[in-house]
Amino acid sequence: MDETAVALAEGVPEVVPRFTRLAANDDSHTLIFLDDTSLVSRRAEEMTLSSLGRLSASIAHEIRNPLAAIRYSAQLLAESPDLNAEDTRMVEIINNHCVRLNDIVENILQLSRRDRSRPEMLDLNDWVLRFVEEYSESNDIGDDSLRAITQARAVEALVDPQHLQQVVWNLVQNALRYGRMPGEPARVMVIARNATEQGPPLLEVVDRGPGIPPKVAAQIFEPFFTTHEMGTGLGLYLARQMCDANQATLEYVPVPGGGSCFRISLGASVRMAASA
Ligand SMILES: Nc1ncnc2c1ncn2[C@@H]1O[C@H](COP(=O)(O)OP(=O)(O)OP(=O)(O)O)[C@@H](O)[C@H]1O
Ligand SMILES: [Mg+2]
């Protein structure tokens, strides 16, 4: 059977026609099926992606143990009194790269867990306050500032709080790392914004650093794109995937006057909640 796709009209998806006789040995009535090729190829792509995802997650999982053993041995070696300066430097390099590999492995494992989203109705005002407190307690941010900006009215959104935590954690880490002018402390804000008639509730991470040039901005959500020597380039890719899994979107918006804004729009979730 010829499976050539045909375009029935301009601007509509191509279809593959299939013909079936309605009754055996009777050519008078024929049923015609038109299969939408874009749907078929999208399904094939999804299947390839999910099996690739499972494969990489199992490889990542298997790498974890030998990697931990290499790292532990390197740490023990570093404590040896017989090491000269050059050897100490080599052990340090092994250790740094183990940390980096471990980050990649953890990110890939997180990615494979992303579709198990457990959405809850949250007030983003409370959430950003708690997030900033927790982040500042568990990281030494020195002279940098990290502030939560809340609204007078509750900012309700339906989202998996753990996923949101991972996404915003990545964005804040980036903002503190890249979002500073040379020699100055970083000033980072995590902002909750109410839904309006025009748009959904938002959660933004804003810094007053140099911003991202358009050519670089076009690539930042690609896996493994990084401008940092120790970065894995998976942070933003992972953050966007997690937003997708929560029917949210993540985009980069340049800040007028300099700086970066990473905006999470939680619209679809709220529409779902409203109709539930
Ligand atoms: N707030 C920001 N200001 C300026 N550049 C940024 C900002 N956030 C991200 N970038 C740019 O986007 C790139 C990709 O970020 P991403 O978080 O995906 O990876 P990474 O930070 O390089 O590595 P990792 O997150 O694995 O440590 C960064 O290397 C940096 O060039
Ligand atoms: Mg990052």
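The model is predicted, so local features are given at pLDDT of at least 70 and side-chain atom pairs only at pLDDT 80 or more, while totals for chains, interfaces and linings use all residues. Residues are numbered from 1 along each chain as its sequence is written, chains are lettered from A and ligands numbered from 1 in the order in which they are written, and side-chain values use heavy atoms, with hydrogens and water left out.

Helices (H or I, at least four residues) and strands (E, at least two) are DSSP runs numbered from the N terminus. An open sheet is formed by five strands in the order S4-S6-S7-S9-S8, with mixed pairing; two strands pair if DSSP finds at least two bridges between them. The edges are held by strand S4 (145-149) and strand S8 (249-254), each of which has a single partner strand, so one side of each is left without a neighbour in the sheet. From one strand to the next, the twist averages 15°. In general, strands of a sheet pair through backbone hydrogen bonds, either parallel or antiparallel. The antiparallel sense is found between strand S6 (residues 187-193) and strand S7 (residues 202-207), which pair over six bridges. Arginine 193 stands opposite leucine 202 in S7.

Two helices lie across parts of the sheet. Helix H6 (residues 235-245) lies across S8 and strand S9 (260-265), at about 130° to S8. For these angles, axes are lines fitted to C-alpha atoms, for helices over the stretch in contact (heavy atoms within 4.5 Å), and angles run from 0 to 180 degrees between N-to-C directions. Buried residues (under 20% relative accessible area, with over 50% exposed and values in between partly exposed; 1.4 Å probe, protein chains only) of H6 are Gly235, Leu236, Leu238, Ala239, Gln241, Met242 and Cys243. Glutamine 247 is found in the loop between H6 and S8. Its phi is near 50°, a positive value in a residue other than glycine, and at 41% relative accessibility glutamine 247 counts as partly exposed.

A nonpolar core is a set of buried Ala, Val, Leu, Ile, Met, Phe, Trp, Tyr and Cys residues joined through side-chain atoms within 4.5 Å. The largest such core has 39 residues, of which Leu164, Val168, Val172, Leu203 and Ile264 touch the most other members. Two or more residues each come from H3, strand S5 (156-159), helix H4 (161-178), S6, S7, H6, S8 and S9. The most are given by H4, with seven residues. Leucine 164 touches Leu122, Leu124, Trp127, Val159, Leu203 and Ile264, when residues up to four places away in sequence are not counted. A second, separate core has five residues, among them Met189, Ile191, Val206 and Val255.

Ligand 1 is surrounded by 18 residues (a heavy atom within 4 Å), and the closest are Asn174, Tyr178, Thr226, Thr227 and Thr232. Polar contacts are pairs of N or O atoms within 3.5 Å; within protein, one atom must be able to donate a hydrogen and the other to accept it, and residues adjacent in sequence count only if both atoms are side-chain atoms. An oxygen atom of ligand 1 is 2.4 Å from an N or O atom in the side chain of threonine 227. For the side chain of threonine 232, the corresponding distance is 2.3 Å. A polar backbone atom of glycine 235 is 3.4 Å from an oxygen atom of ligand 1.

Threonine 232 lies in the loop between H5 and H6 and is buried, with a relative accessible area of 10%. A polar atom of its side chain is 3.1 Å from the backbone nitrogen of leucine 234. Beyond four places in sequence, threonine 232 touches Arg100, Asp103, Ile104, Asn107 and Phe224. Phenylalanine 224 is in the loop between helix H5 (214-217) and H6, and its phi is positive, near 70°.

Two aspartates were also examined. Aspartate 144, in the loop between H3 and S4, counts as buried at 15% relative accessibility. Its side chain makes a polar contact of 2.7 Å with the side chain of arginine 180. Aspartate 27, in strand S2 (residues 26-36), is exposed, with a relative accessible area of 59%. The side chain of aspartate 27 makes a polar contact with that of arginine 21 (2.5 Å).
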